Amino acid sequence: MLADIFTPDLFASAIRMATPLALAAIGGTICERSGIVNIALEGMMLFGAFMGVIGTMFTGSPWAGALIAVLSGMSLALIHAFASITLRTDQVVSGTAINILSLGLTGFLMEVIIGHPGTTDPVARLRPVFNITGPTEGLFGTVWRWVDAIVFSYTPIVYMAIVIAVVGQWALFNTRWGLRLRALGEHPRAADTVGISVIRGRYSAVIVSGALGGLAGANLTLEQVGSFTEGMTNARGFIALAANIFGRWTPVGSYLASLLFGFADALQIKLQLFRDVIRIPSQFFLMLPYVLTVVVLAGVVGRAVAPAAIGKPYEKG
Amino acid sequence: MDAKFRKVLALLLVFALVTVFAVGCGGEEEPADDDTGEVPATDVKAAMVTDVGGLGDKSFNDMSWEGLKRAEQELGVEIRALESNEIADYEPNIDQLANAGYDAIFTVGFLMTDTTNAKAPEYPDVVFGGIDQFFEEPVENQVGLLFKENEAAYLAGVVAGLATLDSDLDDRINDKNVIGFIGGMDIPPVEKFEVGFIAGAKSVNPDVDVISLYAGSFDDTSKGKELALSVIDQGADVVFAAAGLTGLGSITACQERGALFIGVDADQYETVEGSGDVMLTSAIKRVDVAVFETIKAVVEGTFVGGENREFGLSEDGVGLAPFHDFEDVVSQAIKDAVEEARQAVLDGSVTVPALRTEL
């Protein structure tokens with residue numbers, strides 16, 4: 001039974017399912033580190049997922065589609081930045097509005113561009129980066145099967161997410177950009193006093209988070225499924241926010257937290273295989289990732305401290 | 001930026017958002033204006049409220065709409081569809097249609113059972129047809145339209161159970177005796193699909209291992225793909241998905257990992273573009289027939305409510321789609337077995353189980 005659950009595909013599946021969460025969570029980290037709450041990640045992911053497909057449809061290249069997905073996420077982020085930084089509206093309200101906007105806009109554009117609601121036709125997808133033929137027989141065959149599935153089986157954005165987590169972590173804590181970003185979120189007045197532009201810094205942080213949200217959407221449509229379905233993000237943007245908090249507002253932490261959620265999801269799929277043996281309704285397994293989210297947020301992260309100035313609009317002078 | 005300008009701008013933004021949102025969720029289909037002149041005149045108006053999957057699900061919402069469109073063409077009925085983006089939309093959508101003078105309203109999907117029960121007594125002049133809904137105590141203007149999904153799935157199970165043994169059929173068939181089932185949510189109509197599929201497969205291949213997984217959602221294509229990858233990883237070479245849009249992700253998984261797929265509700269070979277290379281057949285549920293027949297009864301004044309009607313193989317309410325691209329490779333033995341199973345169900349010598357406890 002254990003050998004059936006703990007297959008190489010379990011871990012590969014966990015990493016695949018963690019990727020959109022992780023990208024959005026890192027986006028959330030960067031945004032919140034600058035002092036802006038971004039609950040619009042869900043909407044940015046959805047819009048990116050949609051525009052990625054549309055972009056691929058018109059250019060024929062999934063790479064161009066992914067770029068358009070990133071730009072689309074950034075454009076929604078620009079609205080969020082304008083509303084919450086320049087107009088100083090409540091950041092949660094602005095974020096909610098963008099989530100609703102994205103749901104409506106993708107549905108509307110489906111009708112206009114595709115001509116029918118529901119799902120787009122399939123488009124070209126980004127292919128796995130590696131395609132190595134290894135040994136199939138004996139001990140080496142078994143080892144290679146694990147290594148190939150867990151290390152070499154992924155599409156480009158999955159690897160990008162890992163690189164972004166590591167580089168983001170380094171940049172946040174070791175570069176001038178990172179120090180300034182953190183200052184904006186902890187004490188914007190102090191940052192302003194020493195000549196750091198709060199407005200510009202926050203704008204760029206929000207836009208970077210939009211880019212990552214869009215990339216997460218591209219992962220869903222251009223790597224995983226190949227077509228867009230209305231509402232297909234299914235609250236992944238909100239789980240990503242939880243992952244960001246669980247990861248204590250750090251990029252690598254966000255990635256690892258997402259990986260935990262992805263693993264919980266992959267594991268519940270495998271556990272369902274034994275519904276007949278364990279005799280538990282499928283709903284119980286489906287609940288696991290969400291229960292984990294609640295437990296993690298309520299208990300384990302108890303001491304995590306958010307950036308001090310988070311959610312507060314900054315007014316100069 | 002002064003305060004007044006900010007206020008105006010904020011108002012404008014809100015207005016823009018509300019407009020887009022309204023357009024997005026109002027999503028209504030206007031009847032096409034192609035008057036042929038031959039359509040008999042009737043002033044009956046019929047409408048549907050979709051489940052959260054919405055139009056374009058290439059599944060039962062679209063099939064209901066097909067039934068309405070047929071009523072428009074053949075009976076001259078004025079038609080309309082309102083989409084529900086979330087469960088909270090059911091009630092206002094029904095109210096809107098009832099108040100707009102629609103004579104028949106179809107509420108599509110098991111999840112709308114309670115809402116339909118609450119609304120039918122409130123609008124006694126409107127006929128309510130509840131797709132996939134069983135009513136304990138239906139009122140005179142209310143009819144439950146149910147399907148014997150298990151009978152369609154039984155035939156699909158016969159195909160899958162034999163196909164997984166037949167390595168001549170396709171090189172994607174492996175030597176493991178495993179097939180897979182992907183369900184959307186674990187609700188009665190989906191359970192009937194699952195149970196019928198298992199019963200059909202076991203009837204021709206008692207040793208077959210049927211792996212069933214549930215997604216918990218009808219619109220998570222990405223999850224549908226992961227679930228299918230998982231059953232294929234366990235050795236399944238034929239995957240049947242009764243999962244709405246979630247199942248579209250399962251098709252992608254089959255294409256990626258080399259497995260065959262069995263569609264659901266509609267003939268998905270026709271409705272899902274580019275799926276022909278894996279689409280072995282589909283377990284069809286003729287929601288359109290149930291909708292059309294009900295409207296026809298309303299138009300002709302013969303409608304009888306206060307009951308639940310079941311559409312099975314004998315009513316032509318469910319069935320199996322053609323093999324399409326696999327027509328020439330599916331062996332005569334499989335085709336004969338399907339025909340034999342169909343006859344056995346029709347003449348009553350086989351009663352297909354509908355509940356897991358009956359397996």
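This is a predicted model: local features need pLDDT of at least 70, side-chain atom pairs count only at pLDDT 80 or more; totals for chains, interfaces and linings use all residues.
I started with the strands of chain B. Six of them make an open sheet, and I read the order as 7-6-8-9-10-12, with mixed pairing. At the edges I found strand 7 (209-214) and strand 12 (318-320) of chain B, each pairing on one side only. I also looked up the angle: neighbouring strands here are turned by 15° against each other on average, ignoring direction.

Next I picked one pair. Strand 6 (residues 178-183) and strand 8 (residues 238-242) of chain B run parallel, joined over four bridges. I checked one bridge and saw that B:Phe181 has B:Phe240 in strand 8 as its partner.

**B:Leu245**

Then I moved on to the loop between strand 8 and helix 8 (246-257) of chain B, where B:Leu245 is found. Is B:Leu245 buried or exposed? I'd call B:Leu245 buried, because it has 28 C-beta neighbours inside 10 Å, and 20 or more is enough to count. Leaving aside neighbours within four places in sequence, its contacts include A:Gly118, A:Thr119 and A:Thr229 from chain A, plus B:Gly53 and B:Phe218 from chain B.

**Where the chains touch**

Those chain A contacts made me look at both chains together. I noted 38 residues of chain A in contact with 38 residues of chain B. Which helix gives the most to the chain A side? That's helix 5 of chain A, with eight residues. Helix 2 (8-33) and helix 10 (198-225) of chain A are among the elements giving two or more. Sorting the chain A side by type, I got 17 nonpolar, 17 polar and four charged residues.

Definitions and conventions
Residues are numbered from 1 along each chain as its sequence is written. Chains are lettered from A and ligands numbered from 1 in the order in which they are written. Two strands pair if DSSP finds at least two bridges between them. Axes are lines fitted to C-alpha atoms, for helices over the stretch in contact, and angles run from 0 to 180 degrees between N-to-C directions. A residue is buried if 20 or more other C-beta atoms lie within 10 Å of its own, exposed if 12 or fewer, and partly exposed in between; C-beta atoms are placed from the backbone. Two residues are in contact if their C-beta atoms, placed from the backbone, lie within 7 Å. Ala, Val, Leu, Ile, Met, Phe, Trp, Tyr, Cys and Pro count as nonpolar, Asp, Glu, Lys and Arg as charged, and the others, Gly among them, as polar.
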